Amino acid sequence: MLMADKVLRWERGWFPPAIMGVVSLVFLTIYYLDPSILSGVSCFVMFLCLADYLVPILVPRIFGSNKWTTEQQQRFHEICSNLVKTRRRAVGWWKRLFTLKEEKPKMYFMTMIISLAAVAWVGQQVHNLLLTYLIMTFLLLLPGLNQHGIISKYIGMAKRERNKLLKQKEKKNE
């Protein structure tokens with residue numbers, strides 16, 4: 001888990017291209033083989049069973065059987081805390097959605113219809129495998145983008161531009 005965290009947070013410069021390469025290889029293999037749903041699910045579960053069997057055997061040989069240090073324990077605790085925080089945020093958004101449904105049902109209905117129609121349109125225009133590839137790539141690169149401040153940089157730029165537009169609109173209204 002600690003090694004996966006290092007890779008997802010881009011502790012080395014070659015981790016982002018490696019993530020992209022592995023994801024691209026997996027999706028190119030799926031595209032080339034074009035398995036049916038049943039075959040795809042079967043192969044995925046078979047891969048999980050193989051990993052469940054091989055990981056306990058191979059990990060001590062690859063990474064060594066070094067002792068668990070205080071620093072590693074602290075990092076593991078931080079990872080678990082971040083996972084719990086992410087889950088709480090997701091549950092919070094879910095609760096807000098149902099609060100909106102109870103308090104403003106018309107707003108909820110319109111928001112859901114428009115959002116789901118937009119998602120359905122995108123799903124109709126873009127191939128499922130490409131869409132899944134883009135989503136998986138984004139999700140796997142997201143921790144590194146956050147860690148290196150790239151997302152906050154662009155969000156800050158968007159907020160500044162929005163504020164400029166609002167100020168220009170206020171000047172026109174005066």
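**Close-up 1. Packing of helix α4 against helix α5.** Helix α4 (residues 70-103) packs on helix α5 (residues 105-125) at an angle of about 125°, and their axes are 5 Å apart (axes are lines fitted to C-alpha atoms over the stretch in contact, with angles from 0 to 180 degrees between N-to-C directions; helices are DSSP runs of H or I of at least four residues, numbered from the N terminus). L97, L100, K101, E102 and E103 of α4 meet P105, M107, Y108 and M112 of α5, contact meaning heavy atoms within 4.5 Å. This contact of α4 with α5 comprises six nonpolar, no polar and three charged residues (Ala, Val, Leu, Ile, Met, Phe, Trp, Tyr, Cys and Pro count as nonpolar, Asp, Glu, Lys and Arg as charged, and the others, Gly among them, as polar). The model is predicted, with local features requiring pLDDT of at least 70 and side-chain atom pairs pLDDT 80 or more, whereas totals for chains, interfaces and linings use all residues. Residues are numbered from 1 along each chain as its sequence is written, and side-chain values use heavy atoms, leaving out hydrogens and water.

**Close-up 2. Crossing of helices α2 and α6.** The axes of α2 (residues 15-33) and α6 (residues 128-147) come within 10 Å and cross at roughly 160°, which makes α2 roughly antiparallel to α6. On the α2 side the contact involves P16, I19, M20, V23, S24, F27, I30 and Y31, and on the α6 side L129, T132, Y133, M136, T137, L140 and L141. Of the residues in this contact of α2 with α6, 12 are nonpolar, three polar and none charged.

**Close-up 3. Lining of the largest pocket.** The lining of the largest pocket takes at least two residues from each of α1 (2-8), α2, α3 (37-63) and α6, and its largest share, 12 residues, comes from α2. By class, this lining has 23 nonpolar, seven polar and one charged residues.

How values were computed:
Angles under 35 degrees count as roughly parallel, over 145 as roughly antiparallel, 65 to 115 as roughly perpendicular and the rest as oblique.
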